[in-house]
Amino acid sequence: MTTKTHGNYIGGEWTEGQDAAPNINPSDTRDVVGLYARASRADAEAAIAAAQAAQPAWAALSPQQRTDALDQAGSEIQARKAELAELLAREEGKALPDAVGEVVRAAQIFKFFAGEALRVGGELLPSTRQGMSVEITREPVGVVSIITPWNFPIAIPAWKIAPALAYGNAVVFKPADLVPGSAWALAEILSRCGLPAGTFNLVMGRGREIGDTLLEDARVSAVTFTGSEATGRKVAQACVSRPGAMAKFQLEMGGKNPMVVLDDADLEVAVSCAINGAFHSTGQRCTASSRLVVTEGIHDRFVAAMVERMRGLAVSDARAPGTVIGPVVDAKQLEQDLDYIRIGREEGGRLVAGGDALPQVDGKPGFYLQPALFTETTNAMRINREEIFGPVATVIRVRDADEALAVANDTAFGLSSGVCTTSLKQATRFKRQLQAGMVMVNAPTAGVDPHVPFGGRKASSHGPREQGRYAAEFYTTVKTAYVQP
Ligand code: NAD
């Protein structure tokens, strides 16, 4: 076990926190990935002060300098993708091929926003007043607090940090305390990319200890949060109820994403989409296909094919060759998954595959869970209404496309959704009428490109979209200027 403590990065210096915590490998709980500092409130305040001091000069640099810094970060992430993916898989439990995909996506995001730093556009309009014109420009918002969840340890930080910096803001970044390794590695890369001291700060630690400071400090202008709905509500309350100016905020939260399979679907396509959407990344994706809404003409064939495919899903060490499904992230999440499997049975659901915890695989003690599939469920059951956030999916049998659409939309959430059909008419109808931020036709509900907007509706999201050019809505503030020549 290594004894080096990975420190926080504040004002351009690596600093120790109030204490340090071990980062445990969920594929083998005997393996400690490293020791990582935990920041105190004073550390968080120091990071905010450093960001506030650095931001004006960062915004005043030539955009080319911001482009160069982000481009350099993207190039290094890409060049070190194998090593960074190993670290990600080791600390979070994501199967290595998925971890490589996530690291590459982080690199692409930095490259995309490197380009966007040079394309901060505006508008010039004639005024209704004779001879005047109106200029509409975008300016940075100031200091941005970035709070991220554990399930995408490098991609979600990337899709918040890169646009924040591209548009001239300074950043205080708090990763989830379960996955500080990827966050630290990203911070270390950014510390060598030519950012002036204080422009980017890393404070690792528990939300309940330093979260308040990152939300309530008046020097923070904006808060971008991804995580659970419960924490998201606390973030929103803190941002609006703090004294003085409210903080601008953006929330990306949970999902209960439907994937509809219609009678005319290509069975092979539907099963592949469902296996990938529901179980890859151990089902720990906000966009996971957790509700499979299936019309009765294809229902039995679909369930039989799913059960068959699930037999071949290898659950083992995230970094072992051939692993498709890694472990659940920690003991608490495993307990939550098992609780919902018990609840599903009690509610009358029929567990047709998986659902067993495996205390060890290949002699390694870890948080392993066989992907679980329930049939005979109704949309009223708790397992169809609450986010489980694990490798647990349900099948809801419906009569026809009308009922499928109604069931799919009957949820508090609205992040992603999907439909498998060979009918252009149905594809068009579902694309228009599914109440979600994202709709996938004959594709898994999870997995979006780095250059297009990401986000949802209803209880899944609040505020402007993330990623792509739409990110400018959150990370800039618009100024309207009248000019009388
Ligand atoms: P979480 O809400 O427990 O934690 C998210 C972050 O908030 C962590 O960094 C945590 O330390 C911090 N936090 C906790 N309490 C806080 C407080 N009082 N003040 C400020 N910060 C605080 O979520 P999680 O368990 O890390 O992640 C899983 C959740 O994230 C799931 O609900 C999932 O759907 C959601 N998620 C959503 C998206 C999306 O884009 N919609 C993407 C990924 C994950």
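The helices α2 and α6 are oblique to each other in this predicted model. Their axes lie 9 Å apart, and the packing angle is about 130°. The crossing of α2 past α6 is right-handed. Residues from both helices make up the contact. On the α2 side they are A73, E76 and I77. On the α6 side they are L186, I189 and L190.

Helix α2 itself runs from residue 63 to residue 79. Its length can be checked. At 1.5 Å a residue, its 17 residues should span 24 Å. Which residues of α2 are buried? They are R66, T67, A69, L70, A73, G74, E76 and I77. An α-helix has 3.6 residues a turn, so residues three or four places apart point the same way. Several elements cover the buried residues of α2. Among them are α1 (41-60), α3 (81-92) and α4 (96-116). Helices α5 (155-166) and α6 (180-190) are also included in this cover.

R192 lies in the loop between α6 and β10 (200-202), whereas E76 is in helix α2, so the pair ties together parts that are 116 residues apart in sequence. The two partners differ in accessibility. E76 has a relative accessible area of 16%, so E76 is buried. R192 stands at 39% relative accessibility and therefore counts as partly exposed. The cut-off for buried is under 20%, and over 50% counts as exposed.

Side chains of opposite charge can pair when their charged atoms come close. The structure holds 30 salt bridges. Another of these joins E466 and K160, whose closest N and O atoms are 3.0 Å apart. This pair links distant parts of the chain, 306 residues apart. E466 sits in the loop between β24 (461-462) and α15 (472-475), and K160 sits in helix α5.

E116 is buried, with a relative accessible area of 4%. R119 is at 45% relative accessibility and counts as partly exposed.

R119 is also a contact of F112. F112 is found in helix α4. With 19% relative accessibility, F112 counts as buried. Leaving aside residues up to four places away in sequence, F112 touches R119, H451, G468 and R469. Q237 provides a further reference point. F112 and Q237 are 125 residues apart in sequence. In space, their C-alpha atoms are 32 Å apart.

Strand β1 (residues 5-6) contains H6. H6 has 10% relative accessibility, so H6 counts as buried. What does H6 touch, not counting residues up to four places away in sequence? The contacts are G34, L35, Y36, A37, W184 and M204.

Helix α13 covers residues 401-409. Its buried residues are A401, A404, L405, V407, A408 and N409. The strands are β13 (257-261), β14 (289-295), β19 (392-398) and β23 (457-458). The helix is α14 (424-433).

Note on methods: Residues are numbered from 1 along each chain as its sequence is written. This is a predicted model: local features need pLDDT of at least 70, side-chain atom pairs count only at pLDDT 80 or more; totals for chains, interfaces and linings use all residues. Side-chain values use heavy atoms; hydrogens and water are left out. Helices (H or I, at least four residues) and strands (E, at least two) are DSSP runs, numbered from the N terminus. The expected span of a helix is 1.5 Å times one less than its number of residues. Buried means under 20% relative accessible area, exposed over 50%, partly exposed in between (1.4 Å probe, protein chains only). Contact means heavy atoms within 4.5 Å. A salt bridge is a side-chain nitrogen of Lys or Arg within 4 Å of a carboxyl oxygen of Asp or Glu. Axes are lines fitted to C-alpha atoms, for helices over the stretch in contact, and angles run from 0 to 180 degrees between N-to-C directions. Angles under 35 degrees count as roughly parallel, over 145 as roughly antiparallel, 65 to 115 as roughly perpendicular and the rest as oblique. A crossing is left-handed if the near helix is turned anticlockwise from the far one by less than a right angle, and right-handed if clockwise.
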